[in-house]
Amino acid sequence: MILAKVKGNLVSTQKNSNLVGQKLLLVHPIDLKDNYIGKNDVVAIDVVDAGVGDTVLLVQEGKAVQQILGHKNAPVHSIVVAVVDSIDVNEKYISKN
């Protein structure tokens with residue numbers, strides 16, 4: 001799982017028939033201090049009703065996505081599975097990378 005910040009909603013008039021009715025979000029991975037990691041945004045299905053500005057948990061693994069959706073027909077790689085309310089980390093254990 002990856003921490004990510006929701007940057008926006010994605011609207012598509014044409015999409016795979018297995019994605020009809022699914023909400024799509026534009027998210028970007030973040031670190032524990034809320035800083036963006038890397039340069040690329042990710043398109044993800046939202047199953048938890050996240051909104052712009054929310055910190056979320058992102059799963060990027062095909063088999064997990066298939067299990068959450070209940071089928072393997074949708075061409076999906078990333079899915080938002082939780083909205084993060086808070087992060088509490090003991091500073092002693094944070095990696096200094």
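## Terms and overall layout

Helices and strands are here taken as DSSP runs, a helix having at least four residues and a strand at least two, and they are numbered from the N terminus.

The structure is a predicted model, and the protein in it has one helix and five strands. Read from the N terminus, these elements follow the order β-β-β-β-α-β. Taken along the principal axes, the box filled by the C-alpha atoms is roughly 50 × 25 × 25 Å.

Among the contacts between residues at least 6 apart in sequence, 55% join residues that are at least 24 apart.

## Strand E2 and its partners

Strand E2 (residues 23–29) is largely enclosed by the rest of the structure, because five of its seven residues are buried. Strand E1 (residues 2–10) runs antiparallel to E2 and is joined to it by six bridges; within this pairing, Ala4 has Pro29 of E2 as its bridge partner.

E2 also pairs with E3, again in the antiparallel sense, over five bridges, and here Leu26 has Val43 of E3 as its bridge partner.

## Asp46 in strand E3

Asp46 belongs to strand E3 (residues 42–46), and it counts as buried because its relative accessible area is 7%, where the cut-off is under 20%. The side chain of Asp46 reaches two backbone nitrogens, that of Val48 at 3.0 Å and that of Asp49 at 3.1 Å.

Apart from its neighbours within four places in sequence, Asp46 is in contact with Lys23, Leu25 and Val80.

## Thr55 in strand E4

Thr55 is part of strand E4 (residues 55–59), and with a relative accessible area of 14% it is likewise buried. The side chain of Thr55 makes a polar contact, at 3.0 Å, with the side chain of Lys5.

When neighbours within four places in sequence are set aside, the residues in contact with Thr55 are Leu3, Ala4, Lys5, Ile30, Asp34, Ala82, Val83 and Val84. Ala4, listed among these contacts, is the residue whose bridge partner in E2 is Pro29.

The side chain of Ser78 makes a polar contact with the side chain of Gln60, at 3.1 Å.

Beyond its neighbours within four places in sequence, Ser78 is in contact with Val42, Val43, Ala44, Ile45, Leu58, Val59, Gln60 and Val65. Val43, one of these residues, is also the bridge partner of Leu26 in the pairing with E3. Leu25 stands 53 residues away from Ser78 along the chain, while the C-alpha atoms of the two are separated by 10 Å.

Notes:
Residues numbered from 1 in each chain as written. Predicted model: local features only at pLDDT ≥ 70, side-chain atom pairs only at ≥ 80, totals over all residues. Heavy atoms only, no water. Contact = heavy atoms within 4.5 Å. Polar contact = N/O pair within 3.5 Å; in protein donor to acceptor, adjacent residues only side chain to side chain. Buried < 20%, exposed > 50% of the residue type's maximum accessible area, 1.4 Å probe, protein only. Pairing = 2+ DSSP bridges.
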